[in-house]
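Subject: Structure for you to look at

Hi there,

Here is the structure I promised to pass on. Could you open it alongside this note and follow the residues as they come up?

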There are 2 protein chains.
Amino acid sequence: MEKIIKVDGMSCGHCEASVKERLMEIEGIEQVQVNLETKEVKIKGEEISDKEVEEAIDEIGFEVI
Amino acid sequence: MEKIIKVDGMSCGHCEASVKERLMEIEGIEQVQVNLETKEVKIKGEEISDKEVEEAIDEIGFEVI
């Protein structure tokens, strides 16, 4: 399954890399793509916990909107 | 939180209505928007179970891709 969420606060390639790196640590997540312009983060994987995703994003200083 | 998933097999307004109606029955889902052209289904709500969403979509003859 693939889903797209919106993440606020990412402004550059470093932010993008942080988000990708942190999300890839979550069980079930196989692929992460970030579009800085649209704020869209596309996540591929199986049985991904939305709560875990939101907490991980918060933890590194960004926000799921 | 808002997320977008892709659903295959919807071809007309009736399909769109079925998907919306079925998803709105799921606990936590507050709003559903369907874009037939891009196959994107935007879901707004809290603590939405992806598994429940996938099963609901399957149940009415469409497929989460």
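**Around A:Asp50**

A:Asp50 touches A:Lys3, B:Met1, B:Lys3, B:Ile48 and B:Asp50, leaving aside residues up to four places away in sequence; contact here means heavy atoms within 4.5 Å. This is a predicted model, in which local features need pLDDT of at least 70 and side-chain atom pairs count only at pLDDT 80 or more, while totals for chains, interfaces and linings use all residues. Residues are numbered from 1 along each chain as its sequence is written, chains are lettered from A and ligands numbered from 1 in the order in which they are written, and side-chain values use heavy atoms, with hydrogens and water left out.

A:Asp50 lies in helix α2 of chain A; helices (H or I, at least four residues) and strands (E, at least two) are DSSP runs, numbered from the N terminus. Its relative accessibility is 9%, so A:Asp50 counts as buried (buried is under 20% relative accessible area, exposed over 50%, partly exposed in between, with a 1.4 Å probe and protein chains only). The side chain of A:Asp50 makes polar contacts with the side chain of A:Lys3 at 2.5 Å and with that of B:Lys3 at 2.3 Å. A polar contact is a pair of N or O atoms within 3.5 Å; within protein, one must be able to donate a hydrogen and the other to accept it, and residues adjacent in sequence count only if both atoms are side-chain atoms.

B:Lys3 sits in strand β1 of chain B and is buried, with a relative accessible area of 1%. The side chain of B:Lys3 makes a polar contact with the side chain of B:Asp50 at 2.6 Å and reaches the backbone oxygen of B:Ile48 at 3.3 Å. Salt bridges (a side-chain nitrogen of Lys or Arg within 4 Å of a carboxyl oxygen of Asp or Glu) link A:Lys3, A:Asp50, B:Lys3 and B:Asp50 in a network. One of these bridges joins B:Asp50 to A:Lys3, with the closest N and O atoms 2.3 Å apart.

**The interface**

How much area do chain A and chain B bury between them? The figure is about 1200 Å², 57% of it on carbon and sulfur atoms; buried area is the accessible area (1.4 Å probe) that two parts lose on being put together, summed over both. A:Met1, A:Ile4 and A:Asp50 supply 44% of what chain A buries against chain B, more than any other three residues. The contact takes 14 residues from chain A and 14 residues from chain B. Two salt bridges are found across this interface. β1(A) and β1 (residues 2-8) of chain B pair in the antiparallel sense over three bridges, where pairing requires at least two DSSP bridges between the strands. A:Ile5 has B:Lys3 as its bridge partner in β1(B).

**Salt bridges elsewhere**

Over all chains, the search finds 16 salt bridges. A:Lys42 and A:Glu2 form one at 3.8 Å, N to O. That pair links distant parts of the chain, with A:Lys42 in strand β3 (residues 40-45) and A:Glu2 in strand β1 of chain A, 40 residues apart. A:Lys42 is partly exposed at 26%, whereas A:Glu2 is buried at 14%. A:Lys20 and A:Glu16 also meet in a salt bridge, at 3.4 Å, N to O, and both lie in helix α1 (residues 13-24) of chain A, four residues apart, about one turn of the helix.

Best wishes
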